[in-house]
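Colleague: I am new to this structure and would like to go through it in short steps. Please show it first.

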Amino acid sequence: MIRRVLILVFMFFVTAVVVYLSRFWTWSFWPRSGLFGIEELRPQGGLLGRWLRGTDAAPYELLIWAVGVFVLLSLLQKIWDKLPSGKDQNDG
């Protein structure tokens with residue numbers, strides 16, 4: 001039960017980070033000076049678009065974001081599959 005709660009909290013955190021990187025972040029939870037005083041972490045989100053601004057890849061921001069999310073979730077799934085489950089340990 002605790003393992004599931006931890007996984008849910010972790011996935012909520014990953015989801016929040018992924019949405020913050022995208023242009024879909026609409027909330028302003030911290031001041032304009034930036035999260036923890038870091039100016040690059042402004043409350044508007046959209047970091048990927050800001051990073052790509054002025055490059056040839058800027059028009060493909062949404063595609064890059066989608067591929068990045070797919071790769072991230074695939075890596076997390078591989079890590080999850082490598083972790084031992086509680087059922088395997090009790091079968092002994």
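This is a predicted model: local features need pLDDT of at least 70, side-chain atom pairs count only at pLDDT 80 or more; totals for chains, interfaces and linings use all residues.

Colleague: How far apart are the end C-alpha atoms of helix α1, and what span should its residues give?

Modeller: Helices are DSSP runs of H or I with at least four residues, numbered from the N terminus. Helix α1 covers residues 2–21, 20 residues in total. The expected span is 1.5 Å times one less than the number of residues.

Colleague: Within what arc do the buried residues of α1 fall?

Modeller: Buried means under 20% relative accessible area, exposed over 50%, and partly exposed in between (1.4 Å probe, protein chains only). In α1 the buried residues are V14, V18 and Y20. Seen down the axis, taking directions from the axis to the C-beta atoms, these buried residues line one face of the helix, so they fall within an arc of 165°.

Colleague: Which helices are included in the cover over the buried residues of α1?

Modeller: The face of α1 turned away from the buried side carries the exposed residues I2, R4, L8, V9 and F12. The cover over the buried residues includes α2 (47–52) and α3.

Colleague: Is L8 buried or exposed?

Modeller: L8 lies in helix α1. Because its relative accessibility is 62%, L8 counts as exposed.

Colleague: Which residues does E61 contact, leaving aside its neighbours within four places in sequence?

Modeller: E61 is in helix α3. With a relative accessible area of 14%, E61 is buried. Contact means heavy atoms within 4.5 Å. By that rule, and leaving aside neighbours within four places in sequence, E61 touches R23, L48, G49 and L52.

Colleague: How far is L62 from S22, C-alpha to C-alpha?

Modeller: L62 is also found in helix α3, and its relative accessible area of 39% makes it partly exposed. Leaving aside neighbours within four places in sequence, L62 is in contact with R23 and F24. L62 and S22 are 40 residues apart along the chain, and their C-alpha atoms are separated by 7.8 Å.

Colleague: What distance separates the C-alpha atoms of G68 and R3?

Modeller: G68 is found in helix α3, residues 61–82. G68 is partly exposed, with a relative accessible area of 35%. G68 and R3 are 65 residues apart along the chain, and the distance between their C-alpha atoms is 26 Å.

Key: Residues are numbered from 1 along each chain as its sequence is written. Side-chain values use heavy atoms; hydrogens and water are left out. Helices (H or I, at least four residues) and strands (E, at least two) are DSSP runs, numbered from the N terminus.
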